[in-house]
Amino acid sequence: MREARGADREGIPPRSPQAAPHDFFVEWQLVPPPADAGMPPVPEAGSKLHPGGRKTLPGTRVQPRQRKEAMMSRPEAETPGSPSPQSLLPTEPIGSIPRPPELLGGMQERAAGRLSEEDLQLLYESVIRDTIARFEATGSRVITDGEQTKPSFATYPIAGLDNLMPDGVTIPFADGHVRQLPRLAAGPFRYQTHAGTYLDQARKHARVALKQAVIATSALSLLYPAEGIDGYPREAFVEDLVRESEADIRECLQKGAHCVQIDFTEARLSIKLDPSKQLLKSFIELNNEVLGKFTTDERASIGIHTCPGGDLDSTHSLDVDYAELLPTLFELDAGIFYIQLASEPDRRRVLKLIKDHAPAQSRIFVGVIDPIDPRVETPEEVRDRVLEAADYIPVNRLGTCDDCGFSPFGDDTSTSRETAFAKIAARVQGTAMAAQHLGVA
Ligand SMILES: [Zn+2]
């Protein structure tokens, strides 16, 4: 699997666009912050997000923090045949868990040709098994595979494609580092990997329900260059993309995913890039085209995740006001919304927006854990955040989640696995305490 090569890229400057297609990483390229990171760097030249041109705004510096050693809490694991995950107050992760050093090391060895593909697959299996066991030990009734073998939340479908060049869209983060998408250099566009393959692997080890995250159609639409591709017009690309994206979601549903979560992190970012919100509206329209392929029943199991991005303990769009995003976001024809909330400075204001604008039948999972904050929340804090949310959202439509994944990019080890699982355990316990309090346990 070519995605294995993603791990030895950290700290390496972006490769030249002239590099042979087989000689660069298809994952988001990481450009570290400059030594003097007072101002974000000007992103590398790349394709533009929309005809109006790309804007990159200065971010807010993230203050250094001290990390605390997390106290791990391990409730009893679920037993086979345990109660349905359709709890009255459900709680779910967003997806990713930091990869262990042995996995990242193994990927580097594989990329260097010192580890066989067979041994890499054995390593994958053992890491997925360990991740799922630790997930289940938190008491979670719905888990993921921790995205252990995804190169990133966004680029898993394209890892290994040979029609990409490295000089695509750039995303500047608040701390000054930049991620860069590849650019599609030739058609046709096909997924190399569908998310259902991750479910197949995880199912071998999981005793509880598995959800599956997929990348939003709109995110992959950014692969197509503004200047077009000879012989492969944008309309043909979008047609291919919509078909692949639908297949990605449908396969997960057919394989029995508890639900499918569409990662739509570029929603909030798009308002920063285009305050007129035309870009956001075009994203919503495209994603709704895909969602429109599903029945109402199917859409009840399809969710949208919104967040301000999360990478190397930094965000790309936390400074964009939710009031600008949420009313439009809720135009998506999805049955579930997973909304980052814990790290918002004024949660009640956001909850009021949700109350006023969320579709009447939708399930709202609010973020009660901040993956970027190194401090592990207590179950009591989580309980209080749920009770706060219940002031605005009817309990029969409420759920809880983490604000984001713990390492959406495979090479992000800024949070330890211990901290991630301790936070998840606090979410599970705190949500159960709130359920008790609300009389729905
Ligand atoms: Zn996220």
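Because the model is predicted, local features need pLDDT of at least 70 and side-chain atom pairs count only at pLDDT 80 or more, while totals for chains, interfaces and linings use all residues. Residues are numbered from 1 along each chain as its sequence is written. The protein has 12 helices and 14 strands, where helices (H or I, at least four residues) and strands (E, at least two) are DSSP runs numbered from the N terminus. Of its 441 residues, 52% count as buried, a term that requires 20 or more other C-beta atoms within 10 Å of the residue's own, with C-beta atoms placed from the backbone.

- The chain crosses from β12 through α10 to β13 in a right-handed β-α-β crossover, which means that, with the strands pointing away from the viewer, the path from the first strand over the helix to the second runs clockwise.
- A right-handed β-α-β unit is also made by β11, α9 and β12.
- In a regular strand the side chains alternate between the two faces of the sheet.
- Both faces of β12 are covered, with Ile336 and Tyr338 buried on one side and Phe337 and Ile339 buried on the other.

**Helix α9**

- In helix α9 (residues 322-329), the residues Tyr322, Leu325, Leu326 and Leu329 are buried.
- These four residues lie on the same side of α9 because they cover an arc of only 95° around the axis, the arc being that of the directions from the helix axis to the C-beta atoms.
- An α-helix has 3.6 residues a turn, so residues three or four places apart point the same way.
- The cover over the buried residues of α9 includes α6 (266-273), β11 (302-306) and α10 (347-357).

**The nonpolar core**

- The largest nonpolar core holds 111 residues, among which Ile302, Phe337, Ile354 and Ile364 touch the most other members; such a core is a set of buried Ala, Val, Leu, Ile, Met, Phe, Trp, Tyr and Cys residues joined through C-beta atoms within 7 Å.
- Helix α12 (residues 417-438) gives the largest share of this core, 10 residues.
- Apart from residues up to four places away in sequence, Ile354 touches Leu326, Ile339, Ile364, Tyr392 and Ile393, where a contact means that two C-beta atoms, placed from the backbone, lie within 7 Å.
- Among contacts between residues at least 6 apart in sequence, 83% join residues at least 24 apart.

**Ala219**

- Ala219 lies in helix α4 (residues 217-221), and it is buried because 24 other C-beta atoms lie within 10 Å.
- Leaving aside neighbours within four places in sequence, Ala219 is in contact with Ala154 and Glu266.

How values were computed. A residue is buried if 20 or more other C-beta atoms lie within 10 Å of its own, exposed if 12 or fewer, and partly exposed in between; C-beta atoms are placed from the backbone.
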